[in-house]
Amino acid sequence: MTKKIFMIFAAAALLLGGLTFAGPARAADTIVQIDTSMGKILLRLDERRAPITVANFLQYAKSGFYDGTIFHRVIKGFMIQGGGYTPELKQKDAHAPIKNEATMETRNAQYTIAMARTADPNSATSQFFINTKNNRFLDPDRAQDGVGYAVFGRVIQGKEVVNKIEAVETTNRHPFYKDVPVTPVVIKSVTVLSSQQ
């Protein structure tokens, strides 16, 4: 009897040990799909480090704001930028700007997504860009303004699509627009596939 009880306790301890090693369930990541005219890009958003920025991006995505916009600025060896203009280069009306959440924890590494802005660090609205190389000069410790650009996620699938977009032929549209793809790269939709929110 004693031996049998010991074996039961041993089995229970092994099971509990396995459960302990498994740890607590991890909250679902926020995964977003950008469906473009050149293919699909899958993003994992970093809500822990950039909660304001992620909430802002998701608000635009869920409302359909990005549908039919374009990647209007493409610079080889730098980044691809979109989320604010129609194919006719008409700028869409965006919401109020958000606080800049750039930190050294979220660097502008290749295939990360960050918010575009003006010279005012806290001016980002709907436009974003995907870094196509490691752009350390956009991080807080190296940025000219000492603030930098807020990274809020990274590409987890579709890097080849990012590369294709980066390689498109571009032109200047007088007098204001530079590095515009000759053939529009359209964002068909931005869909939230899974979210904590």
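Predicted model: local features only at pLDDT ≥ 70, side-chain atom pairs only at ≥ 80, totals over all residues.
T36 belongs to strand β1, which covers residues 30-36. The relative accessible area of T36 is 1%, and T36 is therefore classed as buried, the limit being under 20%. Leaving aside residues up to four places away in sequence, T36 touches I41, F71, V161, I165, V186, I187 and K188. The C-alpha atoms of T36 and V185 are 6.8 Å apart in space, although 149 residues separate the two in sequence.

The overall organisation of the chain provides the setting for this residue. The protein contains three helices and 10 strands, and their order along the sequence is α-β-β-α-β-β-β-β-β-α-β-β-β. Of the 197 residues, 42% are buried. When contacts between residues at least 6 apart in sequence are considered, 69% of them join residues at least 24 apart. The accessible surface of the protein amounts to about 10,900 Å², and carbon and sulfur atoms account for 56% of this area.

The interior was examined next. In soluble globular proteins, nonpolar side chains tend to be buried together. In this model, the largest nonpolar core comprises 32 residues, and the members that touch the most other members are I41, F57, Y66, F128 and F152. Helix α2, formed by residues 51-63, makes the greatest contribution to this core, supplying five residues.

Aromatic residues were then considered as pairs. A pair of aromatic rings is described by the distance of the centres and the angle of the planes. The whole structure holds 12 aromatic pairs. In one of them, the ring centres of F65 and Y66 are 5.8 Å apart and the ring planes stand at 85°, so this pair is edge-to-face. F65 and Y66 are both buried. The rings of Y66 and F128 also form an edge-to-face pair, because their planes meet at 90°, with the centres 5.5 Å apart. Y66 lies in the loop between α2 and β3 (69-75), whereas F128 lies in strand β6 (residues 128-131); the pair therefore ties together parts that are 62 residues apart in sequence. Y66 counts as buried because its relative accessibility is 1%, and F128 counts as buried because its relative accessibility is 0%. Y66 and F128 are members of one aromatic cluster, which consists of F57, Y60, F65, Y66, F71, F128 and F152.

Charged side chains are also placed over aromatic rings. K92 lies over the face of F65, at 4.4 Å from the ring centre. Likewise, the charged end of R117 is positioned over the ring of Y149, at 4.0 Å from the centre of that ring.

The loop between β4 and β5 contains two residues of interest. T106 is found in this loop, which runs between β4 (79-82) and β5 (112-115). With a relative accessible area of 7%, T106 is buried. The side chains of T106 and T103 make a polar contact at 3.3 Å. Apart from residues up to four places away in sequence, T106 touches D46, R49 and V151. L89 is also located in the loop between β4 and β5. The phi angle of L89 is near 60°, a positive value in a residue that is not glycine. L89 counts as buried because its relative accessibility is 10%, against a limit of under 20%.

A positive phi of about 60° is found for D179 too, although D179 is not a glycine. D179 is placed in strand β9, which spans residues 177-181. The relative accessible area of D179 is 25%, so D179 is partly exposed, a class that lies between the limits of 20% and 50%.

Definitions and conventions
Residues numbered from 1 in each chain as written. Heavy atoms only, no water. Core = buried A, V, L, I, M, F, W, Y, C linked by side-chain atoms within 4.5 Å. Buried < 20%, exposed > 50% of the residue type's maximum accessible area, 1.4 Å probe, protein only. Helix = DSSP H or I, 4+ residues; strand = E, 2+ residues; numbered from the N terminus. Polar contact = N/O pair within 3.5 Å; in protein donor to acceptor, adjacent residues only side chain to side chain. Contact = heavy atoms within 4.5 Å. Areas by Shrake-Rupley, 256 points an atom, 1.4 Å probe, with all protein chains shown as cover. Phe/Tyr/Trp six-rings, centres within 6.5 Å; stacked < 30°, edge-to-face > 60°. Lys NZ or Arg CZ within 6 Å of the ring centre and 35° of its normal.
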